[in-house]
Amino acid sequence: LTTIAASLISHKSFHRIPSRYFRSSNSVRDGTPSHLQIHIDNVSSISDITKDLVENRLLYQGYAFFRGAQITDSYRFQKLQNIFFHDLYDYVKNGGIYTATRNDKVEGVYEFVNVSTTFWDMPAHNDLSYRPRMVGRVSIAQFKPSDKGGITPFGDMRIIWPKLIAKFPITMIELHKHGLIYTKNLPDANNTEKTKLWLETADIPTWQSTFPNMTKSQVEKILEGNGEIAEWMADGTLRISWKLPAFRTHPQTGEYFFCNQLLGFDARNFWQWPGKIFDKLPYIDCPTHVRIGNGRDLTDDEYIEILDIHKNNVIREPWKKGDVVLFDNLRIIHGREPYEGDRVLAITWGNIL
């Protein structure tokens, strides 16, 4: 077993990290961050020195934390992102049909205002890694902090991965070999009871609203073109399944990162929903689910322990109004803790891979 695990770690795609990119990490110590905060007085006057500093932070520690620029609206946020992103991700075009609705007031900037799932403790994840074309960078701006809670924890996979392979060597090898199968269920608009329940409680749209004015055969053709499988359930629900690797290679450093939505897409997320409305459903019948590519579900013990490893190795720091964090999306995972009161933040994705 030790030999097999060692072979995975020394896989040819796990390139040795060039010394210029290496920095011994001190980012997590009893939940206390030791990171550099980059103060910016004016977005339009960022110097080349500051730009280089940000790029170095991204290479060395995987993120850059901005404070002082007072990024409190989408227009200023977009201006900042145009400096550090090669391109901005079109969420609706590239992946929006598979997730909750998000609207952009400014091109490439998506605002979240008092979402319905404030109770949800969202597991840390690599954003959009459930799509074939994910992004290399993610940036989040805090326009208005919540009254209570709502911390965005984030963690470094250079720290988390060794703990995962040490605790679950066989499972990690299984994931490396078979990848992941993601599943999304979209209810039928004609099933009014289920449609109302899923839309109100989990923000899951119907397949008819997701694919407006299309027949079932037209939907199947679109999904087939995307490399996805469409299944029609007895109650009219559309089940979409697609397979992706559980690991991705970093385009700059060559590192081979555990990079996926293994926790965020799993049906056990819905254990948190009020009323226990999803608890009795088979995992595969919940709004979303993810399995190992050989068809095996994680056991409950595996899921809980992997979740705990992630939770115990993240930075947790309350953000102030106007704060922005820029992440290397292959290396840094982030989540969201439950909150109370009004909360407004915005997100951009870019550097499409």
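1. Which residues of helix α3 (residues 74-84) are buried? In this predicted model, the buried positions of α3 are S74, F77, Q78, L80, Q81 and F84, where buried means under 20% relative accessible area, exposed over 50% and partly exposed in between, with a 1.4 Å probe and protein chains only. These residues span an arc of only 165 degrees around the axis, and therefore sit on the same side of α3; the arc is that of the directions from the helix axis to the C-beta atoms. An α-helix has 3.6 residues a turn, so residues three or four places apart point the same way. Helices (H or I, at least four residues) and strands (E, at least two) are DSSP runs, numbered from the N terminus.

2. On the basis of the values: because the model is predicted, local features need pLDDT of at least 70 and side-chain atom pairs count only at pLDDT 80 or more, whereas totals for chains, interfaces and linings use all residues. Residues are numbered from 1 along each chain as its sequence is written, and side-chain values use heavy atoms, with hydrogens and water left out.

3. The N-terminal end of α3 is capped by D73, a side-chain oxygen of which lies 3.0 Å from the backbone nitrogen of Y75. A polar contact of this kind is a pair of N or O atoms within 3.5 Å; within protein, one must be able to donate a hydrogen and the other to accept it, and residues adjacent in sequence count only if both atoms are side-chain atoms.

4. The largest nonpolar core has 68 residues, and L164, M172, F258 and W349 have the most contacts inside it. Helix α5 (residues 157-167) supplies the largest share of this core, five residues. A second, separate core of 22 residues includes I38, F77, V109 and A141; F77 is also one of the buried residues of α3. A nonpolar core is a set of buried Ala, Val, Leu, Ile, Met, Phe, Trp, Tyr and Cys residues joined through side-chain atoms within 4.5 Å.

5. The structure holds 16 salt bridges, each being a side-chain nitrogen of Lys or Arg within 4 Å of a carboxyl oxygen of Asp or Glu. One of them joins R296 to E174, with the closest N and O atoms 2.9 Å apart. R296 lies in the loop between β14 (288-292) and α10, and E174 in helix α6 (residues 169-178), so the pair ties together parts that are 122 residues apart in sequence. R296 is partly exposed at 25%, while E174 is buried at 15%. E174, R296 and E302 are linked in a network of salt bridges.

6. R268 forms a salt bridge with D300, the closest N and O atoms being 2.8 Å apart. This pair links distant parts of the chain, since R268 is in the loop between β13 (256-258) and β14 and D300 is in helix α10, 32 residues apart. R268 is buried, with 2% relative accessibility, whereas D300 is partly exposed, with 35%.

7. Where does G322 lie? G322 is in the loop between α10 (300-311) and β15 (324-328), and its relative accessibility of 2% is why it counts as buried. Leaving aside residues up to four places away in sequence, G322 touches Q70, I71, T72 and Q142, contact meaning heavy atoms within 4.5 Å. G322 and F66 are 256 residues apart in sequence, yet 8.6 Å apart in space, C-alpha to C-alpha.
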